[in-house]
Amino acid sequence: MNAPLKAPGQADAAPVDAHLAPTAPSPRRPSGRRLALLVSVPVILVAAGAFVYFTGGRFIDTDNAYVQQAKVSVSSDVAGRIVSVAVADNQAVKQGDTLFAIDAEPYRIALAQADAALATARVNVEQLRVALGTAEAKLSSAEATLEIRRGEFERKQSLVSQGVTAESTLDDLRLALQTAESALALARQEVASTTAALAGNPDIVTDDHPAVRAALAARDNAQRNLDKTTIVAPADGIVSQVGSLNVGQFINTGSTIATLVETGDTWIEANFKETQLVGLSAGMPAEISVDAFPGIKLVGHVESIGAATGAEFALIPAQNATGNWVKVTQRIPVVIRVDDAKGEPLRAGMSSVVSVDTKSAEKAL
């Protein structure tokens with residue numbers, strides 16, 4: 001094979017190895033991580049923007065919220081000495097369960113006396129009936145006697161007018177007539193007095209008589225006092241502060257000796273800032289998170305909104321008309337009723353976080 005021609009003065013070119021010849025660089029492909037970032041970041045930003053746009057201002061929340069339950073002060077309606085205690089501190093009880101008992105013997109005696117007084121009052125009414133019958137019989141006798149005396153007097157007076165009998169013979173008959181008239185008046189007064197003692201109604205039912213009714217009321221009061229010697233739980237709940245309940249201790253009427261926390265009546269007292277109340281109204285659903293049960297969302301709703309700030313109900317309200325006044329955002333108590341506690345044992349005073357959905361009502365409409 002003939003060698004290629006070369007120009008005059010051109011040096012001989014060195015032979016080139018095909019394996020050492022430079023190759024053109026190939027285009028780089030993006031890595032999978034970079035591609036994922038390029039795709040996911042815009043999607044996340046768009047989703048976040050849409051969420052803020054559609055839900056912005058919809059939820060109002062506060063962490064200044066606490067579990068509340070009704071607390072009943074347990075006391076005795078009667079005074080006496082404790083003879084038995086049936087509960088211990090922090091014990092769960094049902095409505096009607098016995099808490100403790102007071103010595104009932106004095107009240108049994110009082111009930112027996114009331115029963116005796118009631119029986120006496122009924123006997124007295126029956127005696128008044130008998131007395132009325134006797135008075136009515138005397139009245140009938142007095143009326144008959146008066147008729148006889150009047151007839152004798154009129155006949156004798158006729159004889160005197162005819163001149164048959166002397167005038168002096170009328171004196172004894174006139175006296176007898178006057179005596180009969182007086183006896184009749186007294187008999188009538190006795191009937192009226194006995195009728196008045198029967199409350200003006202001779203046919204009155206014995207237990208409707210005022211004296212008997214008073215005795216019945218006294219008897220009922222004695223029975224009530226006897227029943228109150230056994231103190232029972234007014235509702236379902238947990239008994240607390242019963243350390244002062246000791247057998248042999250004397251307690252007075254109305255003295256608080258224990259506290260019953262009603263676990264069946266639970267609500268949240270959420271203190272929202274005054275600037276958060278716009279759009280908040282009763283009936284709106286709420287989501288409740290209790291610090292003691294992380295990850296569990298309780299269901300509730302707004303039951304009522306306080307009529308004033310907490311400062312207004314303070315024992316010594318703040319005086320803002322001073323020279324060093326500083327504006328402080330006030331809080332309004334809002335009652336959140338717990339609709340579903342998810343079976344969790346809520347206790348009064350637990351910290352919680354409340355989130356109210358203010359747009360759910362509009363969405364439902």
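With which side chain does the side chain of Thr206 make a polar contact?

Guide: This is a predicted model, in which local features need pLDDT of at least 70 and side-chain atom pairs count only at pLDDT 80 or more, while totals for chains, interfaces and linings use all residues. Residues are numbered from 1 along each chain as its sequence is written, and side-chain values use heavy atoms, with hydrogens and water left out.

The side chain of Thr206 makes a polar contact with the side chain of Glu126, at 2.9 Å (a pair of N or O atoms within 3.5 Å, where within protein one must be able to donate a hydrogen and the other to accept it, and residues adjacent in sequence count only if both atoms are side-chain atoms). Thr206 lies in the loop between helix 3 (170-197) and helix 4 (helices are DSSP runs of H or I with at least four residues, numbered from the N terminus). Thr206 has a relative accessible area of 16% and is therefore buried, a word that stands for under 20% relative accessible area with a 1.4 Å probe and protein chains only. Leaving aside its neighbours within four places in sequence, Thr206 is in contact with Arg122, Val125, Glu126, Arg129 and Val212, where contact means heavy atoms within 4.5 Å.

Turning to the helices, helix 2 and helix 3 pack at an angle of about 160°, with their axes 8 Å apart (axes are lines fitted to C-alpha atoms over the stretch in contact, and angles run from 0 to 180 degrees between N-to-C directions). That angle makes helix 2 roughly antiparallel to helix 3, the term used for angles over 145 degrees.

Methods: Helices (H or I, at least four residues) and strands (E, at least two) are DSSP runs, numbered from the N terminus. Buried means under 20% relative accessible area, exposed over 50%, partly exposed in between (1.4 Å probe, protein chains only). Angles under 35 degrees count as roughly parallel, over 145 as roughly antiparallel, 65 to 115 as roughly perpendicular and the rest as oblique.
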